[in-house]
Amino acid sequence: MRLIDVVFSAATVSSFLALGATPLPAIAAADATASLADVPFAPDPGFPLTSRRDVIVGGTGAGATAVAELAAGGDIVYGGVVSGNVVLQRVTGAGLRGTWPVTGEPNPGLLRHVSAEGLAFRSVTDIAVLGGRLYVLANRQRSTSVTTNDVVVLVFRLDGTFLSSNVAMGDFRDEYGAGLVAYQTFPLGGGTVTWISVVGHRVLDSVESNPFLTRARLEGDMLVRDTSIGDTNGYVQIPVPGGLCAPFNEACSMEVSRITTKPTGVIGSAPMLYVAGAIRVNNQNWDYGLLCIGANGAPCTGFGNGGFVRRAFDSGGSLVDRATGLAVRRAGTFGAYTYTVYLTGNVARRCEAGIGAMAFDGDDGSVTLGFGMLGRVLVGGHDGGAGTTPVCFLNDGPDVTEGAALSGGRLFVGGARVYEDFGGTSHSDLQTLVLDAVSGAVVDPLRTHAVIYPDGDATPELDAAVRSVGTDAAGRVLVGGQSVTPASPYPPAFVSGRFVPDRIFGNGFE
């Protein structure tokens with residue numbers, strides 16, 4: 001199996017296969033910087049697992065696809081799927097293997113969840129922590145006889161005790177859960193209500209997919225669907241306005257990748273939600289898509305076109321652009337806050353894909369013109385030649401990303417550098433990019449990082465990619481991912497990492 005089939009999700013793989021270019025510059029070298037004193041978001045030497053593999057017995061097809069801090073300054077959890085089961089890896093804040101008190105695994109840092117119905121999980125797409133609970137969003141096979149995708153939320157205590165499973169959709173369509181948010185409200189009469197909102201998309205027919213939202217409240221250890229929003233089952237579908245597609249009478253589609261909240265700082269209120277993804281213009285023409293909705297799924301008034309914004313890179317005549325990362329920045333002071341929403345993702349180019357970032361006003365969805373070139377920054381990839389005749393480098397490959405995070409006025413983007421060796425076999429390296437969040441200027445260019453085995457050895461045959469990006473309470477960037485090597489004795493494994501904003505915050509830099 002080619003690496004690109006192993007590392008990236010089906011949606012990402014299809015977008016790159018659609019480029020029409022065969023991955024053909026040379027093998028990306030490991031980060032050989034002698035001194036990291038001037039490198040923003042350098043690998044944290046105080047986190048020993050940074051750029052290391054942690055072997056997950058049984059192998060994995062996607063690696064650590066979600067990451068979150070369990071408590072401020074505490075342990076970190078990485079989530080993924082191994083052999084059809086959800087696996088949660090626990091790592092301490094000091095970068096050591098943690099322990100799940102309730103685990104029965106040979107490795108106490110691993111917690112394996114098996115579906116009680118015997119259904120195979122396909123992916124973990126998000127993790128949230130709130131009020132002493134850990135919420136894991138996963139996609140799995142609908143039933144033993146129906147192969148379409150279903151969406152579930154798993155609820156755990158922070159010690160790893162499994163509490164309940166909630167079907168987040170379930171109307172016998174093919175559904176994909178992309179992200180979740182957890183928040184609390186304080187209703188009149190006292191008390192606190194914990195809410196879990198799930199966003200994703202459902203396939204309506206062969207040419208159309210719409211975003212959806214469901215919301216559940218925590219009652220005891222169970223999540224209960226909120227049927228006061230949407231239809232009688234609590235499903236909220238948000239159709240893409242036809243005016244965003246061409247021709248206008250063609251069904252529009254949006255595939256969803258991420259969700260986050262608008263950071264107003266108002267405690268106990270239902271948040272506004274930003275949703276990232278890709279909007280299908282027509283045929284195989286996909287552009288970055290951004291959606292703003294209220295907690296009840298209603299599109300934000302005055303935001304874009306019915307709550308939606310679609311914007312393209314269309315670099316070098318290529319048309320497949322997909323946003324896979326999402327972050328929002330609040331600036332100013334109380335009563336005069338401004339909000340900027342960032343989309344990052346994969347941009348098709350004439351030869352090989354690059355990484356694109358866009359910035360939008362968080363109130364109305366208009367383009368933030370001062371960011372990059374008219375609100376857009378494009379880094380990496382290759383756009384050789386002109387018109388429909390590309391001139392590409394031998395063994396070149398795409399620069400890709402699946403996550404982004406904001407910290408200290410900088411936008412951190414994590415992903416992979418993909419290339420082919422001269423035998424035609426695909427490989428990849430961990431890769432990071434740091435942009436100034438205001439100007440879009442490249443603060444630290446695309447930089448590859450070697451993945452180290454647990455015994456301290458590195459090998460050029462190792463293939464790796466960042467699949468998830470987050471931040472901790474100290475503003476450090478957490479990354480999770482996957483590494484694969486074609487030769488034994490090392491099987492596919494999770495990658496754990498942490499990056500510090502500058503050397504002052506990293507033990508061992510001074």
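Reader: Where is Val81 found?

Author: Val81 sits in strand β4, which covers residues 76-82; strands here are DSSP runs of E of at least two residues, and helices are runs of H or I of at least four, both numbered from the N terminus. Please keep in mind that this is a predicted model, in which local features need pLDDT of at least 70, side-chain atom pairs count only at pLDDT 80 or more, and totals for chains, interfaces and linings use all residues. Residues are numbered from 1 along each chain as its sequence is written, and side-chain values use heavy atoms, with hydrogens and water left out.

Reader: And is Val81 buried or exposed?

Author: Val81 is buried, because its relative accessible area is 10%, where buried means under 20%, exposed over 50% and partly exposed in between, with a 1.4 Å probe and protein chains only.

Reader: How far apart are Val81 and Arg112 in space?

Author: From C-alpha to C-alpha they are 9.1 Å apart, while in sequence Val81 and Arg112 are separated by 31 residues.

Reader: Changing topic, how many salt bridges does a search of the whole structure find?

Author: The search finds 18 salt bridges, each being a side-chain nitrogen of Lys or Arg within 4 Å of a carboxyl oxygen of Asp or Glu. One of them joins the side chains of Arg133 and Asp221, at 3.0 Å from N to O.

Reader: Which parts does that Arg133 and Asp221 pair tie together?

Author: Arg133 lies in strand β8 (residues 133-141) and Asp221 in the loop between β13 (209-219) and β14 (222-225), so the pair ties together parts that are 88 residues apart in sequence. Arg133 counts as buried at 16% relative accessibility, whereas Asp221 counts as partly exposed at 29%.

Reader: What about Asp287 and Arg310?

Author: Their side chains also meet in a salt bridge, at 2.5 Å from N to O. Because Asp287 lies in strand β18 (residues 285-293) and Arg310 in strand β19 (residues 308-311), this pair ties together parts 23 residues apart in sequence. Asp287 is buried at 2% relative accessibility, while Arg310 is partly exposed at 31%.

Reader: Which residues are linked in a network of salt bridges?

Author: Arg142, Asp150, Glu175 and Arg202 are linked in such a network.
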